[in-house]
Amino acid sequence: RVPMLIPRLPTAEALLPFLRRIDDAHWYSNYGPLWREFTDRLSQFVGSRCGQTDVGVAFASSGTTAIDLALRARAVPGARFCLMPSFTFIASAHAVCNAGLTPYLLDVDERTLVLTPEIAAAALRNVPEPPAAILVISAFGAPPDVGRWEQFEQEFGIPVVFDAAAALTSLDRVGHQPLCVSLHATKVFGIGEGGAILSSDTRLTEQLTAMTGFGFATAS
């Protein structure tokens, strides 16, 4: 066996002060102080790297769940197919199925190993019916080309969701289309487990947050 990655997370002793803060506040769930702090700091972290101040954050239990939620929020009601690349991890297709959609697998560009707007546009001639959404997946943590996919969505009217599971630290832009990232221990920005959905669309971020918190977008 050749080890490729060994997770390096904070020790139990390093986490203890945060657990004590939770105990002191008596706030164990539903948008507590630590949740607010992490939300703000992740927004600032990504925003500073992208030169933006409008990065909204919604958290999920995993990167897979983040994709599931984003598809549920954005997919065209009543449509069945979600276009996605065949070159990906199984969790991407699992999220599509969890959202009640059927994966429609497409090939990827042989140089970049990702689905391109040109490939997706050409595939629309063969899809049996208008797709519900397109899941664009970042290969090996490469940042997605947000601008080109915004143009694609505007031209064809098909909602786009990004599976940018390993791309959190390489993103160069966050637009209205949801960017789903993983916070798993094996990722560069790993906290053990979890996922996040990034978007400049405030209403979408609030909707996604409510979907994870009993329908409430905030604690107030």
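**Exercise 1. Overall size**

Task: Compare the radius of gyration of the chain with that of a compact globule.

Solution. Step 1: the radius is taken over C-alpha atoms, and the globule rule is 2.2 Å times the number of residues to the power 0.38. Step 2: for 220 residues the rule gives a value near 17 Å. Step 3: the chain has 18 Å, which agrees with a compact globule. Step 4: along the principal axes, the C-alpha trace spans about 60 × 50 × 35 Å. Step 5: 43% of the 220 residues are buried (under 20% relative accessible area, with exposed over 50% and partly exposed in between; 1.4 Å probe, protein chains only).

This is a predicted model, in which local features need pLDDT of at least 70 and side-chain atom pairs count only at pLDDT 80 or more, while totals for chains, interfaces and linings use all residues. Residues are numbered from 1 along each chain as its sequence is written, and side-chain values use heavy atoms, with hydrogens and water left out.

**Exercise 2. Secondary structure and helix α1**

Task: State how many helices and strands the chain has, then check the length of α1.

Solution. Step 1: helices (H or I, at least four residues) and strands (E, at least two) are DSSP runs, numbered from the N terminus. Step 2: the chain has seven helices and seven strands, in the order α-α-β-α-β-α-β-α-β-α-β-β-β-α. Step 3: the expected span of a helix is 1.5 Å times one less than its number of residues. Step 4: α1 (residues 12-25) has 14 residues and reaches 20 Å from first to last C-alpha, close to the expected 20 Å. Step 5: Ala12 belongs to α1 and is exposed, at 56% relative accessibility. Step 6: just after α1, His26 has a positive phi of about 55°.

**Exercise 3. Cysteines**

Solution. Step 1: a disulfide is a pair of cysteine sulfur atoms within 2.5 Å. Step 3: for Cys97, the nearest cysteine sulfur is that of Cys82, 9.5 Å away. Step 5: Cys97 is partly exposed at 44% relative accessible area, whereas Cys180 is buried at 1%.

**Exercise 4. Position of Leu113**

Task: Locate Leu113 in the chain and decide whether Leu113 is buried, partly exposed or exposed.

Solution. Step 1: Leu113 lies in the loop between β3 (102-106) and α5 (117-123). Step 2: with 31% relative accessibility, Leu113 is partly exposed.
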